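Let's take a walk through this structure together.

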Amino acid sequence: MLLPNATNDFPVQFILLGIPGLEHTYLYMAFTFTLVYMTSLIGNVTLLFIIKVDRSLHEPMYMFLGMLSSIDLVLSSSTTPKMLEILWFNSKEIYSEACLTQMFFLHSFCIMESAILLSMAFDRYVAICNPLRYSSVLTKWLITKIGLLAVSRAVLLMSPLPFLIKRLPFCSANVIHHSYCEHMAVVKLACADTTFNNIYGIVVALFIVGLDLIFIMWSYVLILRAVFRLASREARFKALGTCASHICAFLIFYIPVVLSSIIHRFGNSIPVHIHILLANVYLMLPPFINPIVYGAKTQQIRNRIRSIFKMDFMCSTSICFDTVGNPSTQHSHWNRRTKK
């Protein structure tokens with residue numbers, strides 16, 4: 001299907017094919033992806049709410065976790081709704097401006113997530129290797145600067161992408177063999193030399209994600225060296241336990257990235273739907289898993305969730321109880337009035 005082109009041979013609309021070759025499974029995939037997406041939204045919103053209302057969680061570790069949850073919300077919401085629209089309703093058209101906007105948000109927030117994972121590794125490094133200086137090093141002002149730097153770096157690096165795409169002639173090609181507007185999938189449609197676009201994408205990926213990955217791994221080398229110097233075995237397990245959630249988040253984010261890059265470069269014989277499925281997993285898995293991991297591994301968050309559900313359960317009955325198990329003051333006052 002070809003659509004009229006705008007000026008400069010740039011399409012008015014693109015066609016997203018979804019996941020070619022798996023059309024017969026779209027209904028099952030749509031149900032699964034919808035469930036994963038809704039769970040991601042509920043989990044990350046719940047985490048943000050708990051971190052905001054619980055003052056005991058206003059610490060560097062949880063502030064970074066709040067940033068991670070916010071990024072995950074935007075990252076999953078930038079691509080998943082359109083993908084679900086394709087799977088549920090076979091609605092494949094996307095306006096070119098919406099496609100470029102999706103591309104910008106997708107790649108920008110991936111870079112931001114990488115930066116926050118690096119910041120969380122730094123947080124764990126200071127907490128374990130320099131615990132006495134933790135509060136003096138990781139001040140609220142430094143955390144704010146780290147967050148602003150993560151956003152600025154992503155925006156500056158990704159802002160050229162839409163302009164680099166729009167300068168290319170697309171002739172009559174507007175069918176994207178993907179379920180969302182990924183940079184290289186769009187660049188492949190151009191009927192001109194795309195060397196600069198290719199080099200720019202590779203340099204950004206290697207310089208940003210690769211550099212962040214190296215620093216994260218180096219921080220854990222230092223952490224492990226400090227942990228194994230601890231005298232007691234119990235202290236070692238406790239120190240490593242504080243890193244467990246971040247290690248899970250780190251692996252969930254970077255393993256699909258590395259696998260996708262390897263398959264993209266060397267897996268020419270691998271079917272295209274495997275490439276696209278892995279790309280979707282790369283975007284949907286971290287927002288889905290991170291709230292579960294941090295909810296299960298972090299005692300303060302676990303206790304807060306338990307207290308919320310306990311309060312809801314108690315207040316759903318005829319008598320609402322306070323924190324010590326006594327009838328609430330308001331209810332007792334009402335009883336006294338009715339007895340009169």
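**A guided walk through the model**

Let's start with Glu97, which is partly exposed at a relative accessible area of 46%; here "buried" means under 20% relative accessible area, "exposed" over 50%, and "partly exposed" in between, using a 1.4 Å probe and protein chains only. Before going further, keep in mind that this is a predicted model, where local features need pLDDT of at least 70, side-chain atom pairs count only at pLDDT 80 or more, and totals for chains, interfaces and linings use all residues. Residues are numbered from 1 along each chain as its sequence is written, and side-chain values use heavy atoms, with hydrogens and water left out.

What does Glu97 pair with? Its partner is Lys166, in a salt bridge whose closest N and O atoms are 3.1 Å apart. A salt bridge here is a side-chain nitrogen of Lys or Arg within 4 Å of a carboxyl oxygen of Asp or Glu. Lys166 lies in helix α6 (residues 160–166) and Glu97 in helix α3 (residues 96–129), so this pair ties together parts that are 69 residues apart in sequence. Those labels come from DSSP runs, numbered from the N terminus: helices are H or I with at least four residues, strands are E with at least two. Lys166 is partly exposed as well, with a relative accessible area of 36%.

The idea behind such pairs is simple: side chains of opposite charge can pair when their charged atoms come close. A search of the whole structure turns up four salt bridges. Another one of them joins Glu85 and Lys82, at 3.7 Å from N to O. Both of these residues sit in helix α2 (residues 60–89), three residues apart, which is about one turn of the helix. Glu85 is partly exposed at 31% relative accessibility, whereas Lys82 is buried at 11%.

Asp123 and Arg124 also form a salt bridge, with their closest N and O atoms 2.7 Å apart. Are these two buried or exposed? Asp123 is buried, with a relative accessible area of 1%, and Arg124 is buried too, at 8%.

Now take a look at helix α3 as a whole. At 1.5 Å a residue, its 34 residues should span 50 Å, and its end C-alpha atoms are 49 Å apart, which agrees; the expected span is 1.5 Å times one less than the number of residues in the helix. Much of this helix is hidden from view: α3 is mostly covered, with 24 of its 34 residues buried.

Next come the cysteines. A disulfide is a covalent bond between the sulfur atoms of two cysteines, and here the test for one is a pair of cysteine sulfur atoms within 2.5 Å. How many does the structure hold? There are two disulfides.

One is formed by Cys99 and Cys181, whose sulfur atoms are 2.0 Å apart. Cys99 lies in helix α3 and Cys181 in the loop between β3 (175–176) and α7 (183–187), so the pair ties together parts that are 82 residues apart in sequence. The torsion about the S-S bond is about -120 degrees, so this disulfide is left-handed. Cys99 is buried at 0% relative accessibility, and Cys181 is buried with a relative accessible area of 0%.

Cys171 and Cys191 form a disulfide too, with sulfur atoms 1.9 Å apart. The link of Cys171 and Cys191 is right-handed, with 95 degrees about the S-S bond. It connects distant parts of the chain: Cys171 is in the loop between α6 and β3, and Cys191 in the loop between α7 and α8 (195–227), 20 residues apart. Cys171 is partly exposed at 40% relative accessibility, and Cys191 is partly exposed at 38%.

Let's finish with the strands. Three of them form an open sheet in the order β2-β1-β3, with mixed pairing; two strands count as paired if DSSP finds at least two bridges between them. The edge strands are β2 (93–95) and β3, each pairing on one side only. Strand β1 (residues 13–16) pairs with β3 in the parallel sense over two bridges, and Leu16 has Ile176 in β3 as its bridge partner.
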